[in-house]
Amino acid sequence: MRKFIDKIENFIFVIPALAFFITFSIYPLFKTLQMSFYQWDGITKNMIFVGFKNYIDAFKDPVWLKSIKNGFILSFLALIFMNSIAFLLAILVNSGIKGAKFYRVIFYIPPILSGIVVGYIWKWIYDPNFGILNGLLDILNLSHFKRAWLSDVNTALISVSIASMWQGVGGSFILFLAGLQSIPEDLFEASRVDGATFWQQFFYITIPLMSRTLMIVSILTILGAMQLLTIVIPLTNGGPGFETEVPALRIYKEAFSSYKFGYATALSVLLGIMLFIISLVQIKLRKVD
Amino acid sequence: MRRLLGKILGIVLVLTIVLVLSVSYGKETVKITIWHYLNDRDKLLKTLAAQYYLKTGVRVEFQLYSGDQMGAKIRAAAQARTLPDAWTGVGLKGDLSRLAQAGNILNLTPYIKDWVSRFPENIVAQVTFTKDDGFNVEPGTYGIPLDVNNMQFLYNKDLFKKAGLDPNKPPKTWNEFIEYGKKLKAAGILPFATGFGTWAGLTMIQPYEFAYLGEEKLNAARMGKITFKDAGYVKVLNLLVEMRDAGMFAPGTATMDLPTAEQMFANGQIAMIFDGSWAIGVFKMMNPNFKNYFVFFPPKDERASYQALIPGGIGAYFVVNKDSKYIKETIEFIKWLTDVPQQAKYAKESFNLPANKNTIDPRTLGPQIAEFVKGMDRVYSYLAPYKNPRTEEILIKGMQLIILGQKTPEDVVKEMDEANK
């Protein structure tokens, strides 16, 4: 009896947190799933049940598929270039260079800026007529490389990617730095005594001990790149054509421009499932390692 | 005894003070919240609201939001039922009808029966639903107009002169327009830009949609009754090809937003822009020294059979939240705001055409405004919604790719027809 009362007591203490979780996490999730089976304009009360039609349409929608493809390209570029730069910077700062604290702060400024602000900063940099990038090319006598970076179908996505990597590099840098600082120094000392070179230390101590951090950073990078939105709106709004269309922007436009709220929620569910699977695969792969 | 009496009196005094304070604290003060997107008029609207507070004691708070994102904000707030007391409407009947059907906006007819005669009938008609108009909304007027506008081309006289063109003779025909563009380009001047990255690019080709297709065919195509191909829409998009081949587009125009194009025009960096009458106030805000520019009606294309009609009519207008706690007070404020003295101040300070026809003659506000006033007679009255709203996006994106030479008008028309099935 006493045990039962204890359990009830414990349960009572959990109720507020549970109610909060159900209201703000479980219910919206359920509601999103439910809405994805309806045709609804997002305002009127007229909701029509359409079964899996929204999901079937999504797989036939070339713009949605293009946005997914762009999302993967952005993820790939961020995984390779952004994380390499972030890792390099973290190693440099961790090596005890002068002003390490200063750099740590400086590198973390872009991630705390709003995406819209970053978008406008880079829009100004890329401006074809008066931007500093084309201005710099003029100064360097490289005028033949000048172009409308965001309006050119060949450079628009890369330009968006560079802007988003500039913002994201600080976040990965901080995580890498924390990972590097958690590696015991005596491992490096022992390896030095055994005559290990810098590269041997890097490949046989740093990388293996950083594998957990690398996995977390790569998951966060993919999640971030696939959900890119605020930076794209001021830069290109998905243009030219659909060249820089990204999944989150597509969902936003379907919901708020095309009045297809049910379809937009179906796209959200698909994106959520996709990101969940990617994260799961990465975690499983690490366990296999 | 005396001490006890003193204590009792003290307690009574404290209780009285607490009671008086709580009553005055709890007394409801009317505070109306209005969302708007009129970036260049934010300060003016707040000044007028402050005047109204001094006059009536009713607080009105104007909250400014980005024009491009305000539609999304309203739709999200409509779902969450967190709309403000009033807001400047975004879009016209298509958007309004959804909000009206969902019970988000108030049918203003009973409240503004006497007031509505102050505005031109064709302007009020743009926010009024009738019994058999197909929108399935309770008949009535759902908006109160603040200003009227229309969209035309504007040009920089100094840059025209620099290119050897007569600054007092803007192009009258499409051929002249293209020739002027070539001359400007040859003189090292960027000839033209507008907001092709957003909705504004669409408005530039609308006069030619009417000119080439005529009202009947254009609306039939938009509603999906005939294809855009059969309606002859390729000819409309070919105009962009002609502009592109003449080198008229400033670099980056394909994804440019309207404020960027406006800033370039106000800074004297482009010679021509397609913009609305509101832009006069915007240019003044961006560059107060920029005055030597003028307006011209979309140049006539000799190949087109119909008359070109320009976008415009009702400009900014207010709608009222059906669930507002202060419906009466909100409508009273909007009436005050659209009354003659306030409309005169609004027109003089913002250079917008006032909606109240009893206000000052806007032509007295300057030659550019006077030219825009002339255009009010050539504004189209009705444009059918697309059968599939995504067709509009396909068109915007297609126009961008035509400007870049990545797609042909035929490709874009084909995609529009596929989307609008």
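The model is predicted: local features need pLDDT of at least 70, side-chain atom pairs count only at pLDDT 80 or more, and totals for chains, interfaces and linings use all residues. Residues are numbered from 1 along each chain as its sequence is written, while chains are lettered from A and ligands numbered from 1 in the order in which they are written.

**Chains and domains**

Chain A gives 23 residues to the contact and chain B gives 26 residues. Two residues are in contact if their C-beta atoms, placed from the backbone, lie within 7 Å. The side of chain A that touches chain B has 9 nonpolar, 10 polar and 4 charged residues. Here Ala, Val, Leu, Ile, Met, Phe, Trp, Tyr, Cys and Pro count as nonpolar, Asp, Glu, Lys and Arg as charged, and the others, Gly among them, as polar.

Chain B is assigned domain 1 (31-146 + 315-338) and domain 2 (150-312 + 382-419). Such bounds come from an automatic or database domain assignment. The centres of the two domains, taken over C-alpha atoms, are 30 Å apart. In chain B, 5 residues of domain 1 are in contact with 6 residues of domain 2. That side of domain 1 has no nonpolar, 2 polar and 3 charged residues.

**Strand S7 of chain B**

Helices (H or I, at least four residues) and strands (E, at least two) are DSSP runs, numbered from the N terminus. Strands pair if DSSP finds at least two bridges between them.

| Partner in chain B | Bridges to S7(B) |
|---|---|
| S13 (residues 353-354) | 2 bridges |
| S11 (residues 312-314) | 3 bridges |
| S9 (residues 270-276) | 5 bridges |
| S10 (residues 293-296) | 4 bridges |

B:Val148 stands opposite B:Leu353 in S13(B). B:Phe153 faces B:Phe296 in S10(B).

**Helix H11 of chain B**

H11(B) has 13 residues (233-245), so at 1.5 Å a residue it should span 18 Å; its end C-alpha atoms are 19 Å apart, which agrees. The expected span is 1.5 Å times one less than the number of residues. Its buried residues are B:Tyr233, B:Val236, B:Leu237, B:Leu239, B:Leu240 and B:Met243. They lie on the same side of H11(B), because they cover an arc of only 125 degrees around the axis. The arc is that of the directions from the helix axis to the C-beta atoms. An α-helix has 3.6 residues a turn, so residues three or four places apart point the same way. The packing partners of the buried residues of H11(B) include H9 (200-222) and H17 (390-403) of chain B. B:Gly247 follows H11(B), with a positive phi near 70 degrees.

How values were computed
A residue is buried if 20 or more other C-beta atoms lie within 10 Å of its own, exposed if 12 or fewer, and partly exposed in between; C-beta atoms are placed from the backbone.
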